[in-house]
Amino acid sequence: QEGYPILVNDLSSELRVVDTAKKFIEERDIHYPGETVMFGEDFAYYTNKIPGCFIQLGCRNEEKDCIYPLHHPCFNLDEECMKVGMKLFTSLCT
């Protein structure tokens, strides 16, 4: 069957991300375990080769009118989320 493979997160990778995130993100802002979602993602090709997990970084901020979902014509993101994402990513890479 054509299409992307199923993306299955590695449990040890998930737990590492959560433990790392707790060092600088308030626990109320960490949604783990997350909802199971059905969407295609080429990241699945990586997790079929090596253990890993997909991280969804939130970018919603009602105060800045960043309330629309991805692919909506009014989508906008709170760029402050990129700082959190970079800190998480670099912390995981060390």
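1. A salt bridge is a side-chain nitrogen of Lys or Arg within 4 Å of a carboxyl oxygen of Asp or Glu. In this predicted model, the count by this rule comes to six salt bridges. One of them joins the side chains of E80 and K83, with an N to O distance of 3.1 Å. E80 and K83 lie three residues apart in helix 3, so about one helical turn separates them. E80 is partly exposed at 40% relative accessibility, and K83 is exposed at 51%.

2. Salt bridges that share partners join E26, R28 and D29 into one network. Within it, the closest N and O atoms of R28 and D29 are 3.8 Å apart. R28 counts as exposed, at 62% relative accessibility, while D29 is partly exposed at 44%.

3. A further salt bridge connects D78 and K64 (2.9 Å, N to O). This pair links distant parts of the chain, 14 residues apart, with both residues in the loop between helix 2 (44-47) and helix 3. D78 is buried, with a relative accessible area of 11%, whereas K64 is partly exposed at 44%.

4. The buried residues of helix 1 (residues 11-21) are S13, E14, V17, V18, T20 and A21. Seen down the helix axis, they fall within an arc of 165° and so line one face. These buried residues pack against helix 3 (80-92). L11 and S12, on the other side of helix 1, are exposed.

5. On the surface, L11, L15 and Y32 form a nonpolar patch with about 280 Å² of accessible area together. L15 belongs to helix 1 and is partly exposed, at 39% relative accessibility.

6. Three aromatic pairs are counted. Ring pairs link F43, Y46 and F54 into a cluster.

Terms used: Residues are numbered from 1 along each chain as its sequence is written. This is a predicted model: local features need pLDDT of at least 70, side-chain atom pairs count only at pLDDT 80 or more; totals for chains, interfaces and linings use all residues. Side-chain values use heavy atoms; hydrogens and water are left out. Rings of Phe, Tyr and Trp (its six-membered ring) pair if their centres lie within 6.5 Å; planes under 30 degrees apart count as stacked, over 60 as edge-to-face and the rest as tilted. Buried means under 20% relative accessible area, exposed over 50%, partly exposed in between (1.4 Å probe, protein chains only). Helices (H or I, at least four residues) and strands (E, at least two) are DSSP runs, numbered from the N terminus. The arc is that of the directions from the helix axis to the C-beta atoms. Contact means heavy atoms within 4.5 Å. Patches are made of residues with over 30% relative accessible area and no salt bridge: like charges are joined within 9 Å, nonpolar side chains (Val, Leu, Ile, Met, Phe, Trp, Tyr) within 5 Å. Accessible areas come from the Shrake-Rupley method with a 1.4 Å probe; for residues, only the protein chains shown count as cover.
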